[in-house]
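Let's take a walk through this model, from its salt bridges to its cores and cavities. Have the sequence and the coordinates open as you read.

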Amino acid sequence: MNDKVTIRPFDHGGAAREGQLDFSANISPLGVPGPVKTVLRDLAAGDDLARYPDPDCAALRAAIAGREGVLSEQVLCGNGAADLIYRFVTALRPKRALVLQPTFSEYEKALDLAGCDVDRVVLTPDDDFVWPDDLPDRLGPELDLFVFCSPNNPTGVSAPVDLLERVLDRCAEQRIHVLWDASFLDFSTTPDAYRAVMRRARDKKQDLYVLNSFTKLYALAGLRLGYLLAPDAGMPARMQAAGAPWTVSTAAQAAGAAALGCDDYVAELRRYIANEKEDLRETLESLGVRVVPSDANFFLLRTKREDLADVLEEEYDIVVRRAGNFPGLDDHWVRVAVRTRDDDQTLIRALKEVLAHG
């Protein structure tokens, strides 16, 4: 349980070269919303980029607070969700944390850098990576922090709502801080149910911190923009002091504010992902691929080929996320994003050929 994480080099998706088809990054296949592009073009044509950005992100924080139903003082914007993870851990200084694995590697990297002991609960493919029912019993007073991602990366699995509420209640009883990475929540089939859990936690004054990102939903990976919702103003203030100033550029702040007004885009994206994801799942399973049921915009797959990612990249210029470096997974596992219909069909044709010769 007390395994120390090994600091690894950059090991995320999104590193495809020009000309390659990138299924490794879980980004909206609809691209940057039109209103966001317009705002960025207007910004580039003016003089605002010659001035320092607002270090407090006041306008953007107010817009996020209005959307999330909190006060501006409870919101902190950062240079992507990863920036906020490191700031959070630096500000909190936990001594011992529990992390559900397999999951995004930056949680444990940040905790390790802060000298925090990390316990793991490794979710298994035998149970489709679903939270164990006895998870509340594993949350004892020796812990300072519980970290999880839901829907989870790389599995795509969401926490059962009733179990999640039991876990949050248990953490409140044991005075355990909770960090919930909800970066993929808007791709969930039932996001409102999870937002209701967040509201109830705030009503109970539980120590829940929620991360979100503009990266995936609005295809803004290159601008780096995320935010944290806190139960009060204390942690955002400490996190602000725990990092450098001006981490959120003028362009990112303007793009974020514009993106928050793109409700039609989000509705269209959710419909598109739901339809395309179901078709992709059925086709993958018809090829004999193990597909983990996903509540996000990607799938975790297991095939008989340990070299699948290498073959796809070298022979087909298709990049998927190798998942063998996640705890509990091996090189038979890869993660693929849901992309456009044409791109998804290109992946399917390549998989048919590769798996036929496996």
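Does Asp330 count as buried or partly exposed? At 32% relative accessibility, Asp330 counts as partly exposed, where buried means under 20% relative accessible area, exposed over 50%, and partly exposed in between (1.4 Å probe, protein chains only). Before going on, some ground rules: this is a predicted model, in which local features need pLDDT of at least 70 and side-chain atom pairs count only at pLDDT 80 or more, while totals for chains, interfaces and linings use all residues. Residues are numbered from 1 along each chain as its sequence is written, and side-chain values use heavy atoms, with hydrogens and water left out.

Back to Asp330, whose side chain meets that of Arg302 in a salt bridge (3.8 Å, N to O); the term stands for a side-chain nitrogen of Lys or Arg within 4 Å of a carboxyl oxygen of Asp or Glu. This pair links distant parts of the chain: Arg302 sits in strand S10 (residues 298-302), and Asp330, 28 residues apart from it, is in the loop between strand S12 (321-322) and strand S13 (333-337). Helices (H or I, at least four residues) and strands (E, at least two) are DSSP runs, numbered from the N terminus. Arg302 is partly exposed too, at 30% relative accessible area. Elsewhere, salt bridges with shared partners tie Arg17, Asp310, Glu313 and Arg322 into one network.

The structure holds 24 salt bridges. One of them joins Asp169 and Lys204, at 3.0 Å from N to O. Here again distant parts of the chain are linked, with Asp169 in helix H5 (residues 161-173) and Lys204 in the loop between helix H6 (191-203) and S7, 35 residues apart. Both ends are partly exposed: Asp169 has a relative accessible area of 28%, and Lys204 has 45%. Then there's Arg195 with Asp186, whose closest N and O atoms are 2.5 Å apart. Arg195 is partly exposed at 23%, whereas Asp186 counts as buried at 17%.

Now for the inside. A nonpolar core is a set of buried Ala, Val, Leu, Ile, Met, Phe, Trp, Tyr and Cys residues joined through side-chain atoms within 4.5 Å. The largest one has 88 residues, and Trp131, Phe146 and Trp180 touch the most other members. Leaving out residues up to four places away in sequence, Phe146 has contacts (heavy atoms within 4.5 Å) that include Leu98, Trp131, Val167 and Val178. A second, separate core of 26 residues includes Val99, Phe104, Ala110 and Met235.

Met235 also takes us to helix H7 (residues 234-241), where the buried residues are Met235, Pro236 and Met239. Seen down the axis of H7, these fall within an arc of 100° (taken from the directions from the helix axis to the C-beta atoms), so they line one face of the helix. They pack against strand S2 (75-78), helix H3 (81-92), strand S7 (208-213) and strand S8 (226-229). Beyond its neighbours within four places in sequence, Gln240 is in contact with Pro55, Asp56, Leu76 and Arg87.

Last stop: the largest cavity. Residues lining this space include Val70, Met198, Leu208 and Pro231. H6 and S7 are the elements that give two or more residues to the lining, and H6 gives the most, with 3 residues. A cavity here is a set of points, on a 1 Å grid over the protein atoms alone, where a 1.4 Å probe fits but cannot get out, and lining residues have an atom within 4 Å of a point.

Technical notes. On a 1 Å grid over the protein atoms alone, a cavity is a set of points where a 1.4 Å probe fits but cannot get out, and a pocket is an open set with protein on both sides within 12 Å along at least five of seven lines; lining residues have an atom within 4 Å of a point.
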